[in-house]
Every structure is written in C-alpha cells, then in structure tokens.
Amino acid sequence: MHGMIFSELENYAEAKYGRGTWNALLRKVNLDNRIYLAVQDYPDSEIISLVMAASSMNALPVSAVLEDFGQFIVPSLMRMYGHLLRPEWRAIDAIEHTEGTVHAVVRVQRPGAKPPRLTTQRVSPSEVLLVYTSSRKMCGLAIGIGMGLGQHFGEKIVANQTMCMHRGATRCEILFRNVG
C-alpha cells in the first residue's frame, strides 16, 4: 500500500478521534514507533490491521471507517491528482475516469504500485457503475472517495453496493448516482 494512504490515515485518526489516536492504533497492532513515508510502499497487512484497530477502538464497522476515511482524503487526492481531471468533469465523471487517469499515472510513476483495478459503465448521465477488484477488499474506501468527490464538486452522490467481495462475490459493484 502506498505510504500516502498511511500518512492520510494518520491525519484522519488524529483529526477524527483526537490527538494520540495514531500512536494508540500503532501500539494496538504492534507497530509502535512505525513511521510511514508518503513516497514508499508498505505491506497491505499493515493498513488492514490499522483500519481494523480503528474500527474496534471506535466501535464502528470497518466499512464505516473506510467510507469516512475515503471522504476525508478527497481534498488531498484532489491536490495531488486534480490536474488530471478535465475542467468540465463533475463527480460522476471523475469516478468514471479514475482508472484511465489517476490510476494510470500512479502505475507509470510508481512501478510496482497496485491501486485497485476499476472498470466502469456509464448507466445514465447521472449514474456510473464502478466494478472494484483488489485483494485488499477495501471497497468501502472507494465508496467514501466517491461520496467525497460529490462533496468536492458540491453534489450529493449516493452509493448502492450491489455486489461485494466481503459477501463472497469475486468483485464489488457500486452504483454511484448524483441526486443533486
């Protein structure tokens, strides 16, 4: 997992749950004094452990933590990758084209990087079906990012997950719809 995600998870934990939360999470998963650099990659197991620890520490489902975290990181993602989006795009367009823009650039800039594979189908002008496949099974993060893109563009985006790897499917399918 890209170090930037760990850095943002630290920012999220401290902003959402208070000062000292990040170090408490690290201790909880036996990663005391671990430092994550945004320019390096780290084992997927560490991000999964940290998210699960945040979930249990705050009595929230893992999916809720991931969705909230996804919304939280959108401003940072837009600072890093917003220049890749066309000026006329809105939230649904950004979701539709993430694989061909942001993920394509990530894979070129960071050989060996493994962002999730996304395929999309534009269902209507206000809807896009996102198919998410990743061994990390962090589809909640994708949902949160989609909702956060809606906030960024001043739109209300709703997500309906019709298939999920956590329920035995081979992929996750999320229908994003702009409702205003």
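Let me start with glycine 180, which lies in the segment after strand S4, residues 172-178, where helices (H or I, at least four residues) and strands (E, at least two) are DSSP runs, numbered from the N terminus. This is a predicted model, in which local features need pLDDT of at least 70 and side-chain atom pairs count only at pLDDT 80 or more, while totals for chains, interfaces and linings use all residues. Residues are numbered from 1 along each chain as its sequence is written, and side-chain values use heavy atoms, with hydrogens and water left out.

Glycine 180 has a relative accessibility of 58% and counts as exposed, given that buried means under 20% relative accessible area, exposed over 50%, and partly exposed in between, with a 1.4 Å probe and protein chains only. Leaving aside its neighbours within four places in sequence, glycine 180 is in contact with Gly154, Glu155 and Lys156, contact meaning heavy atoms within 4.5 Å. Glycine 150 is 30 residues from glycine 180 in sequence, and the two are 9.3 Å apart in space, C-alpha to C-alpha.

Now to the cysteines. How many disulfides does the rule give? The count comes to zero, a disulfide being a pair of cysteine sulfur atoms within 2.5 Å. Cysteine 139 is in no disulfide, and the nearest cysteine sulfur, that of cysteine 172, is 3.5 Å away, which is too far for a bond. Are these two cysteines buried or exposed? Cysteine 139 is buried, with a relative accessible area of 4%, and cysteine 172 is also buried, at 0% relative accessibility.

Turning to the helices, I recall that two packed helices are described by the angle between their axes and the distance between the axes. Helix H2, residues 21-28, packs with helix H3, residues 44-57, at an angle of about 110°, and their axes are 9 Å apart; here axes are lines fitted to C-alpha atoms, for helices over the stretch in contact, and angles run from 0 to 180 degrees between N-to-C directions. H2 and H3 are therefore roughly perpendicular to each other, because angles under 35 degrees count as roughly parallel, over 145 as roughly antiparallel, 65 to 115 as roughly perpendicular and the rest as oblique. On the H2 side, Thr21, Trp22, Ala24, Leu25, Leu26 and Lys28 meet Leu50, Ala53, Ala54, Ser56 and Met57 of H3.

Most residues other than glycine have a negative phi. Asparagine 33, in the loop between H2 and H3, has a positive phi of about 65° although it is not a glycine, and asparagine 33 is exposed, with a relative accessible area of 73%. Alanine 59, in the loop between H3 and H4, has a positive phi near 55°, and alanine 59 is exposed as well, with a relative accessible area of 72%.

In helix H6, residues 99-109, the residues Glu99, Thr101, Val102, His103 and Val106 are buried. What do the buried residues of H6 pack against? They pack against helix H4, residues 62-81, and strand S1.

That brings me to the strands. S1, residues 117-124, and S2, residues 127-133, run antiparallel and are joined by seven bridges, where two strands pair if DSSP finds at least two bridges between them. S1 and S2 form a hairpin with two residues between them, and the bridge partner of glutamine 121 in S2 is leucine 129.
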